[in-house]
Amino acid sequence: LVGVTRNKVAYGRIDGKVAKNLTWRKEAIAGAMAIGVKRRYEFEKILKLMTSVSYAVSEENYPVLCTRKHIDTLAKKVKLMDYYCNGKYETKEVTNEL
């Protein structure tokens, strides 16, 4: 999942996991972004939330798509990589904890 702001482009991923390619996964990610914006989270925290939701959503748990506990657990495992920051194009892991 790639997040873009005026000054930064970052990528969120979880090592060893594959996100399910579901048609309504996009809506879940958009909902996570809306929650992060409403709560005034920083860009990195919103990207972690969106990434964890994209991995947590699954058809196996229908009618409950995912739980908050599952999302929080995955959010701790999300790694963010910067593609562009402070006028430089480079790939590096974001090290600040949220």
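Leaving aside neighbours within four places in sequence, which residues is L1 in contact with? Let's start there. This is a predicted model, by the way. L1 touches A10, Y11, G12, I29, L47, M50 and T51. L1 itself lies in the segment before β1. One more point on L1. Along the chain, L1 and M81 are 80 residues apart. Their C-alpha atoms are separated by 10 Å.

Now to helix α2. Helix α2 covers residues 43-56. That is 14 residues. From first C-alpha to last, α2 reaches 20 Å. That is close to the 20 Å expected at 1.5 Å a residue.

How much of α2 is covered? Most of α2: 12 of its 14 residues are buried. Among them are E44, I46, L47, K48 and L49. M50 and T51 are buried too, and both are in contact with L1.

Take α1 next. The axes of α1 and α2 come within 9 Å. They cross at roughly 150 degrees. The cut-off for roughly antiparallel is over 145, so α1 is roughly antiparallel to α2. The crossing of these two helices is right-handed. On the α1 side, the contact is made by R25, A28, I29, A32, M33, I35, G36 and V37. On the α2 side, look for I46, L49, M50, V53 and S54. By class, the contact of α1 with α2 has 10 nonpolar, two polar and one charged residues.

Last, α3. Helix α3 takes in residues 68-77. Its axis and that of α2 are 8 Å apart. The packing angle is about 120 degrees. α2 and α3 are therefore oblique to each other. Their crossing is right-handed. Who meets whom, then? From α2 come K48, L49, S52, V53, Y55 and A56. From α3 come H70, I71, L74 and A75. By class, that contact has seven nonpolar, two polar and one charged residues.

Key:
Residues are numbered from 1 along each chain as its sequence is written. This is a predicted model: local features need pLDDT of at least 70, side-chain atom pairs count only at pLDDT 80 or more; totals for chains, interfaces and linings use all residues. Side-chain values use heavy atoms; hydrogens and water are left out. Axes are lines fitted to C-alpha atoms, for helices over the stretch in contact, and angles run from 0 to 180 degrees between N-to-C directions. Helices (H or I, at least four residues) and strands (E, at least two) are DSSP runs, numbered from the N terminus. Angles under 35 degrees count as roughly parallel, over 145 as roughly antiparallel, 65 to 115 as roughly perpendicular and the rest as oblique. A crossing is left-handed if the near helix is turned anticlockwise from the far one by less than a right angle, and right-handed if clockwise. Contact means heavy atoms within 4.5 Å. Ala, Val, Leu, Ile, Met, Phe, Trp, Tyr, Cys and Pro count as nonpolar, Asp, Glu, Lys and Arg as charged, and the others, Gly among them, as polar. The expected span of a helix is 1.5 Å times one less than its number of residues. Buried means under 20% relative accessible area, exposed over 50%, partly exposed in between (1.4 Å probe, protein chains only).
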